[in-house]
Amino acid sequence: MGYSRFYCTSHLEETSMSYLSVNTEELIQQFWELEQIPISSSFTKEENLCEKHFIENYAHNDKGRYSVKLPFKAERRELLKMPNVYQQYKDFMSEYLPLGHMEEVDENSVDIKNQHFYIPHHVIKESSFTTRLRVVFNASAKFSSGVSLNDTLMIGPKVQDDLFVIILRFRSHNIAVKSDLQKMYRQVKVENEDRNFQKILWRDNPSSPIKTYRLCTVIYGTASDYYLASRVLKHLAIDERSNFPKASEVLLHNCYIDDVLFGVDTLQEAEKIIPKLQELLYSGGFKMHKWCSNKKLVLERAIKTEDSNNSCTIIDAKSITILGLE
């Protein structure tokens, strides 16, 4: 028993010493590897850009002090360095005043001290046929109290037909017709008493004084925008049902947000319903544009062309995407 116990202990000690020897060699090897200068960089793309930015922009003055530039990400660009985007931004905002979609606020007026909200805005690029840039009003931005304009607004119920049903109905006819409602949200006015909750700051160049404006219409980007605009369209269709019975049905059941999608079986039917639909929508302040169809002759013969304000633009393409489907 004693020999047996000694043998086991001696075997463990021998194994332990062997392991310690190997482990020490590995530790020494790792130590020297850490001391070596790396052969190749293991930086990420952003880390390499940050390093490059530092090397190109640091300075060392005669007193020994260093100065650096902040390594901003590439996404941070000044508008002045993007003249095309800057010009489109200014063009977009400049049309608001003459159209009555925005009004300047008198800073000395009494109601300037009443309840109000300032909405920040920025630009994004679009990928559609005709829209290259869109100005977005961020009603989800938090105020100093931690509450945004959208936090205070009800979203409202869905009032348009289900998307799947609209697409099936749209594709069940010989002739398919699609159009957009031009600036749909901006055709719906907001009551004067609520416009102070839609204030923005704007100037069209850095040397001009900053001015305060109020947006006078429903804003894309607010929690209730879709409900308010689509509810107005539904009310318009109901109000004008006796004057435009068939066009009213199209407006009630064939709209998805600002897209009007419907079908007819004959050219004669299209020539009757399309002008009536234009007239119905125009009576509520809405204009149809960006027309497209699988039968170009329908658009050429059925659409009213008296309005020269781009309401009858026809998209000529071999294929288009409608509500996500080509």
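**View 1. Three strands form an open antiparallel sheet in the order E3-E8-E7.** The edge positions belong to strand E3 (102-104) and strand E7 (199-202), each of which pairs on one side only. From one strand to the next the twist averages 35°, with axes taken as lines fitted to C-alpha atoms and angles running from 0 to 180 degrees between N-to-C directions. Strands are DSSP runs (E, at least two residues) numbered from the N terminus, and two strands pair if DSSP finds at least two bridges between them. The model is predicted: local features need pLDDT of at least 70 and side-chain atom pairs count only at pLDDT 80 or more, whereas totals for chains, interfaces and linings use all residues. Residues are numbered from 1 along each chain as its sequence is written, and side-chain values use heavy atoms, with hydrogens and water left out.

**View 2. Strand E8 (residues 211-215) and its bridge partners.** E8 pairs with E7 in the antiparallel sense over four bridges. Lys 199 has Arg 214 of E8 as its bridge partner, and Ile 200 has Tyr 213. E3 and E8 also run antiparallel, joined by three bridges; here Met 102 is partnered by Leu 215 of E8. Because four of its five residues are buried, E8 is largely enclosed by the rest of the structure; buried denotes under 20% relative accessible area, exposed over 50%, and partly exposed in between (1.4 Å probe, protein chains only).

**View 3. A salt bridge between Arg 195 and Glu 103.** The side chains meet at 3.6 Å, N to O; a salt bridge is a side-chain nitrogen of Lys or Arg within 4 Å of a carboxyl oxygen of Asp or Glu. The pair links distant parts of the chain, 92 residues apart: Arg 195 lies in the loop between E6 and E7, and Glu 103 in strand E3. Arg 195 counts as buried at 14% relative accessibility, while Glu 103 is partly exposed at 24%. The whole structure contains 12 salt bridges.

**View 4. Four strands form an open antiparallel sheet in the order E9-E10-E6-E11.** Strand E9 (255-256) and strand E11 (288-293) each have a single partner strand, so one side of each is left without a neighbour in the sheet. Strand E6 (residues 175-181) and strand E10 (residues 259-264) pair in the antiparallel sense over six bridges, with Ser 179 opposite Val 260 in E10. Lys 178 and Asp 180 form a salt bridge, their closest N and O atoms being 2.8 Å apart, and both residues are buried.
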